[in-house]
Amino acid sequence: MAEYKRASLLADSPSGYCPGCMHSLATKLIAEVIDELGQQDNSLNVISVGCSALNILYWGGDFLSVAHGRAPAAATGIKRVNPERLVFAYQGDGDLAAIGLAEIMSAANRGENFTVIFANNQTYGMTGGQMAPTTLIGQKTTTTVYGRDPATTGYPLKMCELISTLEAPRFVARYALNSPKGVNDARKGIKKAFQIQLAGKGFTFVELLTNCPTNWKLSPLDTLDYMNTNTIPYFKPGVYKDTEVDAK
Ligand SMILES: Cc1ncc(C[n+]2csc(CCOP(=O)(O)OP(=O)(O)O)c2C)c(N)n1
């Protein structure tokens with residue numbers, strides 16, 4: 001008997017991601033949840049720009065490829081005209097928290113009935129490791145070679161905390177993909193977000209803390225420790241808003 005089966009929306013081809021990159025893990029989790037919910041023929045992946053978009057290379061389901069940062073705007077349109085579809089945007093931190101900050105805040109504030117999955121690797125991975133809005137204080141990037149200094153670049157943006165202050169969003173949560181528990185919790189969080197959307201209840205946001213071995217210049221294994229020591233203490237995992245629970 002097969003112990004494990006490739007999720008049906010993932011093509012049987014190499015992922016295109018660097019070894020150890022958690023974008024591929026995140027993509028796999030999303031595809032597995034879609035299988036669990038039987039939504040293979042109904043899902044629509046709104047793909048923006050960045051390494052996040054490389055899942056286009058092996059995504060076997062419907063997708064819409066859009067301009068940098070604009071996934072929440074495009075998802076708004078596609079969901080409003082196809083309310084029965086399971087629509088989700090998959091965005092990196094440069095995409096969502098820099099060039100696309102207006103789009104994500106506006107869509108969340110309107111309570112659009114789709115899901116945003118936010119892969120926060122604290123850098124612009126695709127373009128060579130520049131500082132992102134989520135880069136940690138002291139973190140070295142190609143544009144903060146001595147480490148990020150808040151005196152000149154401000155503080156890392158906490159998107160879950162920001163979005164959870166808005167009235168409309170229904171579910172806002174952050175998970176870290178550097179441990180088996182984090183991965184299992186993330187799978188449950190993505191599933192919950194999709195279920196809320198399928199029930200027509202409104203905007204859901206799932207942040208995944210991910211890595212970038214290539215630009216962090218660490219081995220994939222060392223990125224797991226780096227996340228425990230640096231990323232997780234600042235970007236605390238947890239459920240920031242769940243209107244079903246909060247109402248009780
Ligand atoms: C309008 C526009 N501006 C800039 C770029 C260049 N660009 C491509 S990917 C990227 C950053 C992506 O970073 P992030 O969203 O964090 O995703 P990652 O690659 O780290 O997954 C930038 C600035 C672009 N493609 N289009």
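## Starting at S24

Leaving aside neighbours within four places in sequence, S24 touches S15, Y17 and Y58, where a contact means heavy atoms within 4.5 Å. You will find S24 in helix α1; helices (H or I, at least four residues) and strands (E, at least two) are DSSP runs, numbered from the N terminus. With a relative accessible area of 24%, S24 is partly exposed, because that class lies between buried (under 20% relative accessible area) and exposed (over 50%), using a 1.4 Å probe and protein chains only. C51 is 27 residues from S24 along the chain, and the C-alpha atoms of the two are separated by 9.9 Å.

This is a predicted model: local features need pLDDT of at least 70, side-chain atom pairs count only at pLDDT 80 or more, and totals for chains, interfaces and linings use all residues. Residues are numbered from 1 along each chain as its sequence is written, and side-chain values use heavy atoms, leaving out hydrogens and water.

## The nonpolar cores

In soluble globular proteins, nonpolar side chains tend to be buried together. A nonpolar core here is a set of buried Ala, Val, Leu, Ile, Met, Phe, Trp, Tyr and Cys residues joined through side-chain atoms within 4.5 Å. The largest one has 41 residues, and I30, I190, F194 and L208 have the most contacts inside it. Elements giving two or more residues to this core include α1 (22–36), β7 (171–176), α7 (180–198) and β8 (204–209). Helix α1 gives the most, with seven residues.

A second, separate core has 22 residues, among them A75, A89, L96 and I104.

## A closer look at β8

How many residues of β8 are buried? Six of its six are, so the strand counts as mostly covered. T204, V206 and L208 point one way from β8, while F205, E207 and L209 point the other way. Beyond its neighbours within four places in sequence, L208 is in contact with several residues, including A26, I117, Y175, A186 and I190.

Which strands pair with β8? Two strands pair if DSSP finds at least two bridges between them. E207 in β8 stands opposite F118, and E207 is also the bridge partner of R174.

Finally, β7, α7 and β8 make a right-handed β-α-β unit. Right-handed means that, with the strands pointing away from the viewer, the path from the first strand over the helix to the second runs clockwise.
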